Amino acid sequence: MKYTGVIERYREYMPLSRDVMPITLLEGNTPLLEADNLKKELKAPCKVFLKFEGTNPTGSFKDRGMTVAITKSVEDGAEAVICASTGNTSASAAAYAAKAGLKAFVILPKGKIAIGKLAQALIYGAKVIEIDGNFDDALRIVREIGEKTRVVIVNSINPYRIEGQKTASFEIVETLGKAPTHHSLPVGNAGNITAYWKGYKEWSTKHGSSLPKMLGFQAEGAAPIVLGRVVDHPETVATAIRIGNPASWKQAVNALDESTGQINIVQDSEILSAQKLIAGAEGIFCEPASASSVAGLRKLISHDYFSAKDVVVCTLTGNGLKDPDTASRDIAPPLTSKPELSEVLKLIQD
Ligand code: AN7
């Protein structure tokens with residue numbers, strides 16, 4: 001069957017009029033891989049699956065929500081959209097706005113956006129404005145512009161973003177034939193954990209599936225929800241989740257409470273180590289923020305949190321190719337050789 005993107009695929013779950021034409025880049029339908037090598041490496045008692053969102057059209061999960069937010073904007077007659085971003089939202093907004101023929105404005109924290117994400121926003125044709133401030137400052141400005149002008153905000157405070165992102169849960173339950181017992185994911189602005197929980201609940205209401213416990217992970221220097229207070233100067237190597245005052249804070253806490261899950265801290269070193277492990281063990285290159293879900297899994301395994309009957313899905317939210325600088329920083333550089341067989345053989349046999 002021809003694949004037509006998440007709006008068509010899950011139309012009955014979308015708050016859009018029946019005849020609306022989706023603005024789509026054929027997002028969604030991402031791989032759910034059973035990670036047996038990782039399971040061995042981590043000595044996990046449970047089954048481990050990775051939902052790799054890096055195969056989406058702009059390389060992150062944001063595309064699921066952006067197709068709905070942009071489709072709705074076009075239906076409402078918008079001419080321009082705006083977002084604050086740590087990188088991926090801006091890449092996705094710029095791409096879908098380009099497809100829709102809308103203007104896109106993106107406000108970014110200067111110097112803290114992975115190089116691939118910045119290149120994406122620029123080449124898709126967005127007007128990119130960098131501020132001397134962090135994501136939280138950028139979102140504050142965007143909220144004010146949204147109040148004062150007709151420009152539509154496409155951050156996850158736009159409810160249509162959440163409606164699109166919830167489709168990842170649908171795909172997982174459909175592929176596994178049931179819900180996992182636990183779902184692990186990184187938490188930044190907390191829109192995604194909110195969306196997944198909404199998706200699992202809607203599927204459960206309609207099809208009687210069970211509900212997973214939601215497991216969220218924040219980076220040590222940017223863990224406002226874990227600490228229970230705003231972090232004024234968030235810092236982490238995982239720039240995608242360098243956020244000190246998440247917009248969907250309450251909804252995330254609600255998802256954690258309702259699902260009897262938990263939210264914890266992972267350190268930058270644990271994030272980078274998990275990123276390497278996922279690549280080396282499973283052949284999947286995700287970005288640092290994404291690896292928090294596996295770093296967190298590893299931490300909970302060490303606390304004997306899981307049992308043999310558990311099935312855990314970790315979402316890998318974005319593609320590692322977006323941030324080659326961070327990935328290359330701590331790994332050995334390539335070997336070099338004269339262009340001669342004997343020399344190359346020496347290195348191979350070493
Ligand atoms: C790879 O792009 O907030 O908790 O502005 O890019 O829903 O915010 C990105 C977030 C996880 C956290 N992984 O998701 C943005 C932005 C990756 C991300 C998150 C982000 P939320």
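Mentor: With the residue classes: Ala, Val, Leu, Ile, Met, Phe, Trp, Tyr, Cys and Pro count as nonpolar, Asp, Glu, Lys and Arg as charged, and the others, Gly among them, as polar. By these classes, the lining of the largest cavity holds 10 nonpolar, 13 polar and 2 charged residues. Keep in mind that this is a predicted model.

Trainee: What sets a cavity apart from a pocket, and how many cavities of 30 Å³ or more are there?

Mentor: In a cavity a 1.4 Å probe fits but cannot get out, whereas a pocket is an open set of points. The count here is 2 cavities of 30 Å³ or more. The largest cavity has a volume of about 300 Å³, and the second largest cavity has about 40 Å³.

Trainee: Which residues lie nearest the centre of the largest cavity?

Mentor: Its lining has 25 residues, and Phe61, Lys62, Gly188, Asn189 and Ala240 are nearest the centre.

Trainee: What lines the second largest cavity?

Mentor: Leu272, Gln275, Lys276, Thr326, Ala327 and Asp330 do. Helix H12 (268–282) and helix H14 (324–329) are the elements that give two or more residues to this lining, and the largest share, 3 residues, comes from H12. By class, the lining of the second largest cavity splits into 2 nonpolar, 2 polar and 2 charged residues.

Trainee: Now the ligand. Which residues come nearest to the ligand?

Mentor: There are 23 residues around the ligand, and Asn88, Thr89, Asn189, Ala190 and Thr317 come nearest. Ser85 has a polar side-chain atom 2.9 Å from a ligand oxygen atom. Asn189 has a polar backbone atom 2.7 Å from an oxygen atom of the ligand, and for a polar backbone atom of Asn192 the distance to a ligand oxygen atom is 2.8 Å. On its own the ligand has 470 Å² of accessible area, and the protein covers 98% of this.

Trainee: And the open spaces: what is the volume of the largest pocket, and which residues lie nearest its centre?

Mentor: The largest pocket has a volume of about 210 Å³. Of its 15 lining residues, Tyr3, Arg9, Tyr10, Asn29 and Glu174 lie nearest the centre. Helix H1 (6–9) and helix H8 (167–176) are the elements that give two or more residues to this lining, with H8 giving the most, 3 residues. The classes are 4 nonpolar, 5 polar and 6 charged.

Trainee: How much space lies in the second largest pocket, and where does its lining come from?

Mentor: The second largest pocket holds about 170 Å³. Its lining draws at least three residues from each of domain 1 (6–56 + 161–329) and domain 2 (62–158). The lining residues include Gly111, Lys112, Thr236, Asp323 and Arg329. H14 provides the largest share of the lining of the second largest pocket, 3 residues. By class, this lining has 4 nonpolar, 4 polar and 4 charged residues.

Key
Residues are numbered from 1 along each chain as its sequence is written. This is a predicted model: local features need pLDDT of at least 70, side-chain atom pairs count only at pLDDT 80 or more; totals for chains, interfaces and linings use all residues. Side-chain values use heavy atoms; hydrogens and water are left out. On a 1 Å grid over the protein atoms alone, a cavity is a set of points where a 1.4 Å probe fits but cannot get out, and a pocket is an open set with protein on both sides within 12 Å along at least five of seven lines; lining residues have an atom within 4 Å of a point. Grid points are joined across faces, edges and corners, and a volume is the space filled by probe spheres set on the points. Helices (H or I, at least four residues) and strands (E, at least two) are DSSP runs, numbered from the N terminus. A residue is near a molecule or strand if one of its heavy atoms lies within 4 Å of it. A polar contact is a pair of N or O atoms within 3.5 Å; within protein, one must be able to donate a hydrogen and the other to accept it, and residues adjacent in sequence count only if both atoms are side-chain atoms. Accessible areas come from the Shrake-Rupley method with a 1.4 Å probe; for residues, only the protein chains shown count as cover. Domain bounds come from an automatic or database domain assignment.
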